[in-house]
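Please work through the following exercises with the sequence and the structure at hand. Each task is followed by a solution in steps.

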Amino acid sequence: MAIAALVTWVLTALGGFYLLAGWLSRGGARQGSGSRLPVPVIFGHFALAAVGLVVWIVYLLTGNHALAWAALIILVPVAALGFTMLARWIPARRVRATVPAGQQSAPAESNFPVPVVAGHGVLAVVTVVLVLLVAIAG
């Protein structure tokens, strides 16, 4: 189960990298871009998830069970930031539908592919559950 958590975590991260790259390439981090996703929230989510993944890998290499709990604790704010971004992305997605073709007034995140957002979220939930189960099984 611990390896399954690693696999889902890495797949979640790949989806997140894709979304982050798209957001950055469309100017989401520029001030005045109209993005509904605050830069500290985006990069906080990314940084904490990356730290948690490193902690999980170290747990797998060492077997130190305290690290499994540490990874789970790190995932709590990662999930909170993720839900915050989801809640702010939904209205941005709706804005895109109302912007006439050729205009660039829609926020950068309005172009996120729904399947990638959904897959990222589902994999994130699966990752949290697997990490929780591994930590409890200790």
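**Exercise 1. Determine which pattern the protein chain follows along the sequence.**

Step 1. Helices (H or I, at least four residues) and strands (E, at least two) are DSSP runs, numbered from the N terminus.
Step 2. The chain has 4 helices and 0 strands.
Step 3. Read along the sequence, the pattern is therefore α-α-α-α.

The model is a predicted one, in which local features need pLDDT of at least 70 and side-chain atom pairs count only at pLDDT 80 or more, while totals for chains, interfaces and linings use all residues. Residues are numbered from 1 along each chain as its sequence is written, and side-chain values use heavy atoms, with hydrogens and water left out.

**Exercise 2. State which residues touch the most other members of the largest nonpolar core.**

Step 1. A nonpolar core is a set of buried Ala, Val, Leu, Ile, Met, Phe, Trp, Tyr and Cys residues joined through side-chain atoms within 4.5 Å; buried means under 20% relative accessible area, exposed over 50%, and partly exposed in between (1.4 Å probe, protein chains only).
Step 2. The largest core holds 18 residues, and W9, W56, Y59 and V131 touch the most other members.
Step 3. The elements that give two or more residues to this core are α1 (2-25), α2 (39-62), α3 (65-98) and α4 (114-137). The largest share, 6 residues, comes from α3.
Step 4. Not counting residues up to four places away in sequence, W9 touches A49, G52, L53, W56, A71, L75, T127 and V131, where contact means heavy atoms within 4.5 Å.

**Exercise 3. Describe how α1 and α4 are arranged relative to each other.**

Step 1. Axes are lines fitted to C-alpha atoms, for helices over the stretch in contact, and angles run from 0 to 180 degrees between N-to-C directions.
Step 2. The axes of α1 and α4 come within 8 Å and cross at roughly 150°.
Step 3. Angles under 35 degrees count as roughly parallel, over 145 as roughly antiparallel, 65 to 115 as roughly perpendicular and the rest as oblique. The two helices α1 and α4 are therefore roughly antiparallel.
Step 4. Among the contact residues are W9 and L19 of α1 and T127 and V131 of α4.

**Exercise 4. Decide whether P77 counts as buried, partly exposed or exposed.**

Step 1. P77 lies in helix α3.
Step 2. Its relative accessibility is 32%, so P77 counts as partly exposed.
Step 3. P77 and L48 are 29 residues apart in sequence, and their C-alpha atoms are 7.8 Å apart in space.
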